[in-house]
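Please read the following note alongside the sequence and the model. The points move from the overall picture to single contacts.

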Amino acid sequence: MMASERFSRIAELVNEKDFVSTRDLSEQMKVSEPTIRKDLEELDRQGILLKVHGGARRLRQQMILTKGAELDMSQRSRNQRQKDAVARKAASIVQDGDCVFLDGGTSVEQMMPYLQGKKIRIVTHSLLIAQQFADPGSELFALGGRYIPEYKMFVGPMTEQDLAKFNFDHAFIGCAGIDLAGKTAYTAELDTMAIKQKAMDKAQKKYLLADSSKLSIKGFCSFTDTDAFDAVFCDDGAQLGPDMIPDNCILVHLPPQEA
């Protein structure tokens, strides 16, 4: 059985039984326990299941993510391969002369390398994005306001007032979680929700970026319907069925992993 087939079968078993032991998976897949442990590490990294001592558990599909529960930005380094694929695809939309809003969050932040060399104007409330900016052919406008260290972004009434002065060709929005079937995008708290909604109101086109790990998370705040976006970018690591993919969802193919 190939690794991709094992991944699919393991995910099915974990979702059916809530918990499956490494030993049981080894016997069913007819591979060694060390091989299964490596499979579980990869599936955990992709956000498909939770690797625990002795096996794997199903992710809680109704996990509510609040500001206090969410990892700070320095810890949210998982799923880099998925985030990179989504960011690269989203950045391909941007053309010379565009004015774009870049939301906070690691998925949107990873667009920056793919925007290099484009003669554009960027507006953001994210310190992570501002720190990466070093393109003499472009301009960056950093919004001020109340600083949230765990998100490394500015929020609040001052930020919203500054944001209201701009108009955008494209707004790229991040999220804490997404329910594709229910067409709902979530954030973890109210301050960032207001920024996202204001930026969407000021944009000609708006896009949501969500790697596949976000599909298992329900945030504290429902900030918009996914139909409000011109496109929702997500990677194909979650192996979604056709009935779970809305018309405006663009599934980005993940490149093979480096050996």
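**Note on the predicted model**

1. The accessible surface of the protein comes to about 12500 Å², and carbon and sulfur atoms account for 51% of that surface; accessible areas come from the Shrake-Rupley method with a 1.4 Å probe, and for residues only the protein chains shown count as cover. This is a predicted model, in which local features need pLDDT of at least 70 and side-chain atom pairs count only at pLDDT 80 or more, while totals for chains, interfaces and linings use all residues. Residues are numbered from 1 along each chain as its sequence is written, and side-chain values use heavy atoms, with hydrogens and water left out.

2. The protein contains nine helices and 17 strands, these being DSSP runs numbered from the N terminus (helices H or I, at least four residues; strands E, at least two). Of its 259 residues, 49% count as buried, where buried means under 20% relative accessible area, exposed means over 50%, and partly exposed lies in between (1.4 Å probe, protein chains only). Among the contacts with a separation of 6 or more, 61% are made by residues 24 or more positions apart, a contact being heavy atoms within 4.5 Å.

3. How many salt bridges does the rule give? The count comes to ten, with a salt bridge taken as a side-chain nitrogen of Lys or Arg within 4 Å of a carboxyl oxygen of Asp or Glu. One of them joins the side chains of K196 and D103, at 2.6 Å from N to O. This pair links distant parts of the chain, since K196 belongs to helix α9 (residues 190-201) and D103 to the loop between β5 (99-102) and α5 (106-109), 93 residues apart. Both K196 and D103 are buried.

4. A salt bridge also forms between K183 and D227, whose closest N and O atoms are 3.4 Å apart. Here too the pair links distant parts of the chain: K183 is in the loop between β11 (177-179) and β12 (184-187), whereas D227 is in the loop between β15 (221-225) and β16 (231-235), 44 residues apart. K183 is partly exposed at a relative accessible area of 33%, and D227 is likewise partly exposed, at 46%.

5. The loop between β15 and β16 also holds D230, which pairs with K205 in strand β13 (residues 203-209), 25 residues apart, and so links distant parts of the chain. The side chains of D230 and K205 meet in a salt bridge at 3.8 Å, N to O. D230 is partly exposed, with a relative accessible area of 35%, and K205 also counts as partly exposed, at 38% relative accessibility.

6. A171, in strand β10 (residues 168-173), is buried, with a relative accessible area of 0%. Leaving aside residues up to four places away in sequence, A171 touches F101, A199, A203, K205, K206 and Y207. The C-alpha atoms of A171 and C99 are separated by 8.8 Å, although the two residues are 72 residues apart along the chain.

7. K152 has a phi of about 55° and sits in the loop between β8 (146-148) and β9 (153-155); at 25% relative accessibility, K152 counts as partly exposed.

8. K152 is also among the residues touched by Y147, together with L127, M153 and F154, not counting residues up to four places away in sequence. Y147 is found in strand β8 and is partly exposed, with a relative accessible area of 33%. The C-alpha atoms of Y147 and S126, 21 residues apart along the chain, are separated by 9.5 Å.

9. The structure holds two cavities of 30 Å³ or more, a cavity being a set of points on a 1 Å grid over the protein atoms alone where a 1.4 Å probe fits but cannot get out, with lining residues having an atom within 4 Å of a point. The second largest cavity has a volume of about 30 Å³, a volume being the space filled by probe spheres set on the points, with grid points joined across faces, edges and corners. Its lining is formed by M112, L115, Q116, I120, I122, F133, D135 and S138. These residues divide into five nonpolar, two polar and one charged, with Ala, Val, Leu, Ile, Met, Phe, Trp, Tyr, Cys and Pro counted as nonpolar, Asp, Glu, Lys and Arg as charged, and the others, Gly among them, as polar.

Note on methods
1 Å grid on protein atoms, 1.4 Å probe; cavity = no way out; pocket = protein on both sides within 12 Å on 5 of 7 lines; lining within 4 Å.
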